[in-house]
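Reader: I would like to learn how the words used for a protein structure follow from its values. Could we go through them term by term?

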Amino acid sequence: MESTLYEWLSFGLRWLHVITGIAWIGSSFYFIALDLSLKKRDHLPVGVSGEAWQVHGGGFYNMRKYTIAPPELPPELTWFKWESYATWITGFFLLATVYYAAPELYLIDRNVMDLTAWQAAGFGIASMAVVWLIYDRLCKSPLVENTYLLLAVVFAMLAFVGWALTQVYSGRGAFIHLGAITATIMTANVAHTIIPNQRRAVEMLKRGETPPAEYGKQAKQRSLHNNYLTLPVIFLMLSNHYPLSFATEYNWVIAILVMVMGGVIRHWFNEHHAGRPAPNWCWAAAAICFVGIMWLSEAGPTRHGEADQQTTSALLASPHYDAVEEIVLSRCSMCHAAEPVWDGVAIAPKDIRLETPDEIVRYASLIYDQAAR
């Protein structure tokens, strides 16, 4: 019953996370496209930077954007924030349920670093906070005056973080934490910059004051960062279902290529929505990155450690060992082998090989968690 409850909790949280993620990403993509499609026209009221006409669901919509704020506030305002907050909250609880509650299964790889469960969880949580603080300081530095230079520095920081995570966790754990760190940056942008700046502007309007344009400028820049980070985050979150993406010693290079690929795809759409000539080189760059990812997924194995001789002797002496060995060799070793015979698997997942008695007993606890539980 315990395993059933755990699986349904994981499934339910994943479902909620996907629902809230769709809501957040959908509204983010829509508003970026809307903002880029606004056109300046002669008849627009003072303070309106542009408008767009749209048709959907049998009706016509006239969308206008005030650069700073309208002269008077309407009685009701729709705030777009809970989509972001709910996505992060459900994602964190899913991370805790799947990875922190059972770190031996997916998160800790003792061939990479011998961590306790508390160390693994603590490092993951601390990395989300520390990387966000570094990112926030970068966005408040003189780099803020050059949008694309700032994006390049943020990319370099995330590339380094991706490499560092692969030196601590399993490939799967590293990818999911790089995704969680990036998603934390995105949600923190909403919670600590975008929404607070909008609230300050509203309060000033209520007092009859004119909000400074800087509020909107800061919020727009953080929103642009979120826009470019969205596609890489989706890939990293999906990667936990596909060992080909992380079960290689070059997984950190794959993570970098994913960020490049997602960024250039978003750039194509941004330019397209803005009505500028579409930079078709973006698709070529994305294709090259994807081919590189596929090639790297076939590359060499990761490290593996030594067997515990005392444990090996005890388990080999068990009267049940022969039955276990028969099951493992017939059910598991086609993938968990020096040369896997299963189509599409180039190297053994996590480089765990289950072809000899020593290898089988070395990973006995993981076999129990993965196959028996």
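Author: Let us begin with handedness: a crossing is left-handed if the near helix is turned anticlockwise from the far one by less than a right angle, and right-handed if clockwise. By that rule, the crossing of H5 and H9 is right-handed. Helices here are DSSP runs of H or I with at least four residues, strands are runs of E with at least two, and both are numbered from the N terminus. This is a predicted model, in which local features need pLDDT of at least 70 and side-chain atom pairs count only at pLDDT 80 or more, while totals for chains, interfaces and linings use all residues. Residues are numbered from 1 along each chain as its sequence is written, and side-chain values use heavy atoms, with hydrogens and water left out.

Reader: What makes H5 and H9 roughly antiparallel to each other?

Author: The axes of H5 and helix H9 (residues 251-273) cross at roughly 150° and come within 8 Å, where axes are lines fitted to C-alpha atoms, for helices over the stretch in contact, and angles run from 0 to 180 degrees between N-to-C directions. Angles under 35 degrees count as roughly parallel, over 145 as roughly antiparallel, 65 to 115 as roughly perpendicular and the rest as oblique. H5 and H9 are therefore roughly antiparallel.

Reader: Which residues make the contact of H5 with H9, and how are they divided by class?

Author: Contact means heavy atoms within 4.5 Å, and the residues that make it include Phe 155, Leu 158 and Trp 163 of H5 and Trp 252, Ile 256 and Met 259 of H9. By class there are nine nonpolar, four polar and no charged residues, where Ala, Val, Leu, Ile, Met, Phe, Trp, Tyr, Cys and Pro count as nonpolar, Asp, Glu, Lys and Arg as charged, and the others, Gly among them, as polar.

Reader: Why is H4 called oblique to H6?

Author: The axes of helix H4 (residues 117-139) and H6 come within 9 Å and cross at roughly 50°. That angle makes H4 oblique to H6. The crossing of H4 and H6 is right-handed, and its contact residues divide into eight nonpolar, six polar and no charged.

Reader: What describes the packing of H6 and H7?

Author: Helix H6 (residues 171-206) and helix H7 (residues 213-238) pack at an angle of about 155°, with their axes 9 Å apart. This makes H6 roughly antiparallel to H7. H6 passes H7 in a left-handed crossing, and their contact has 17 nonpolar, 10 polar and two charged residues.

Reader: How do you know whether Val 153 counts as buried, partly exposed or exposed?

Author: Buried means under 20% relative accessible area, exposed over 50%, and partly exposed in between, with a 1.4 Å probe and protein chains only. Val 153 has 27% relative accessibility, so Val 153 counts as partly exposed. Val 153 lies in helix H5 (residues 147-166) and, leaving aside its neighbours within four places in sequence, is in contact with Leu 138 and Leu 143. In the protein chain, buried residues make up 43% of the 373 residues.

Reader: Why is the pair of Tyr 99 and Tyr 106 called tilted?

Author: The structure holds 14 aromatic pairs. In the pair of Tyr 99 and Tyr 106, the ring centres are 6.0 Å apart and the planes stand at 55°, so the pair is tilted. Rings of Phe, Tyr and Trp (its six-membered ring) pair if their centres lie within 6.5 Å, and planes under 30 degrees apart count as stacked, over 60 as edge-to-face and the rest as tilted. Both Tyr 99 and Tyr 106 are buried.
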